[in-house]
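This briefing covers surface features, helix positions and charge pairing in one structure. The sequence and model come first, followed by the points grouped by topic.

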Amino acid sequence: MPKEIYIFLGAVIGALAAYITARVTGRNQIRIAEINANKDIRLQDEKLLDDVSTLFRTHG
């Protein structure tokens, strides 16, 4: 009987560790995605401003 309890406890602890790891990893991936999205938006803004200023210089 004690052997089965150890196996069960090992499985429960392993599942808990996997759950915590998945939560932390998911949270980190969301943070990285937000940072990358903000960078992409900033780069798009800079490109649009450059395109508009070029348009006004050539046609202004």
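I5, Y6, F8, L9, V12 and I13 form a nonpolar surface patch of about 660 Å². The model is a predicted one. Helix α1 spans residues 2-59, and a salt bridge joins the side chains of D51 and K47.

**Nonpolar patch**
- V12, one of the residues that make the patch, lies in helix α1.
- The relative accessible area of V12 is 40%, so V12 is partly exposed.

- K3 counts as exposed because its relative accessibility is 61%, where the cut-off for exposed is over 50%.
- Between K3 and Q29 there are 39 Å in space, C-alpha to C-alpha, for a separation of 26 residues in sequence.

**Salt bridge**
- Side chains of opposite charge can pair when their charged atoms come close.
- The count of salt bridges in the model is one.
- D51 and K47 meet through their side chains with an N to O distance of 3.2 Å, which is within the 4 Å cut-off for a salt bridge.
- D51 and K47 are four residues apart in helix α1, which means that about one helical turn separates them.
- D51 is partly exposed, at a relative accessible area of 37%.
- K47 counts as partly exposed as well, at 49% relative accessibility.

Definitions and conventions
Residues numbered from 1 in each chain as written. Predicted model: local features only at pLDDT ≥ 70, side-chain atom pairs only at ≥ 80, totals over all residues. Heavy atoms only, no water. Patch = residues over 30% accessible without salt bridge, like charges linked within 9 Å, V, L, I, M, F, W, Y side chains within 5 Å. Areas by Shrake-Rupley, 256 points an atom, 1.4 Å probe, with all protein chains shown as cover. Helix = DSSP H or I, 4+ residues; strand = E, 2+ residues; numbered from the N terminus. Buried < 20%, exposed > 50% of the residue type's maximum accessible area, 1.4 Å probe, protein only.
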